[in-house]
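Hi everyone, thanks for making time. Let me put it on the screen.

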Amino acid sequence: MMQSTEKDELPQKTPKQLEKEAKKLAKLEKFKQKQDSQQKGQAKEKPEKKEKRKEVKKEAIAAVYEVETPPGTKKDISGPMPDAYSPQYVEAAWYSWWEQEGFFKPEYGRNNILEPNPKGTFVMVIPPPNVTGSLHLGHALTNAVEDCITRWHRMKGRTTLWNPGCDHAGIATQVVVEKKLWREEKKTRHDIGREKFIEKVWAWRMEKGDRIYQQLRRLGSSLDWSRTAFTMDPKLSRAVVEAFVRLHEEGDIYRSNRLV
């Protein structure tokens, strides 16, 4: 059998095969053109989105109440209102005027608080937040509900008091201050002594307590700030001692050795 050294010639394609290949090439070219146009369109859309976002930010910054209002004076609302609702604009400069006018005091609108009110009275003490830190979302939720209840009774014409305050949260606050002392000075409460440590605890209480009160004001809480109380105030401490003495005298509490 003889072997041919010449390359076999490729068979020629039929007209149908050539037509089929031409259609495939046309489809491929069309697909590439479509992809190119989509990429160009996306590149054009991106700058437009950025411009829109910038415009929204500009509107948010513009909607701020900038009229100089001394604390305790009524807000000037004679100017134009912003196009969109802005909490910063709406809430600014109102609370100090409400507080100055005494709207949240039970004495408001009455000659004497001791006079009987035929519509009744309503008194509620705020569950005192711990001075271990700042308020969180849970406080905001509870506070909003309590504020609604208080304002409802006030609108009913009742003598209304919502009493503010905060709690010392003894052990929890001690732990927080001890951690802060170690983090900043690498010392324990034993290193600085009892008196110095108590001073640091009170400094913490003043810092966090004031912050909590400012947060409650920012929430618009209708609290009577002239009656602010702290659970370690002398008056409240005497009340706690008196309560325990009475409970002991009545036999409701007693001291004894028991397994715990």
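This is a predicted model: local features need pLDDT of at least 70, side-chain atom pairs count only at pLDDT 80 or more; totals for chains, interfaces and linings use all residues.

Let's begin with strand E2, residues 159–163. How many of the five residues of E2 are buried? Five of the five, so the strand is largely enclosed by the rest of the structure. Thr159, Leu161 and Asn163 point one way from E2, while Thr160 and Trp162 point the other way.

Now for the neighbour. Strand E1, residues 121–125, runs parallel to E2, and five bridges join the two. For one of the pairings, look at Met124, whose bridge partner in E2 is Trp162. To get from E1 to E2, the chain passes through helix H4, residues 137–155, in a right-handed β-α-β crossover.

So let's turn to that helix. H4 has 19 residues and reaches 27 Å from its first C-alpha to its last, close to the 27 Å expected at 1.5 Å a residue. Its buried residues are Asn143, Glu146, Asp147, Thr150 and His153. Seen down the axis of H4, the buried residues fall within an arc of 125°, so they line one face of the helix. What do they pack against? The answer is E1, E2 and helix H7, residues 194–218. On the other side of H4, Leu137, Leu141, Cys148 and Met155 are exposed.

Conventions. Residues are numbered from 1 along each chain as its sequence is written. Side-chain values use heavy atoms; hydrogens and water are left out. Buried means under 20% relative accessible area, exposed over 50%, partly exposed in between (1.4 Å probe, protein chains only). Helices (H or I, at least four residues) and strands (E, at least two) are DSSP runs, numbered from the N terminus. Two strands pair if DSSP finds at least two bridges between them. A crossover is right-handed if, with the strands pointing away from the viewer, the path from the first strand over the helix to the second runs clockwise. The expected span of a helix is 1.5 Å times one less than its number of residues. The arc is that of the directions from the helix axis to the C-beta atoms. Contact means heavy atoms within 4.5 Å.
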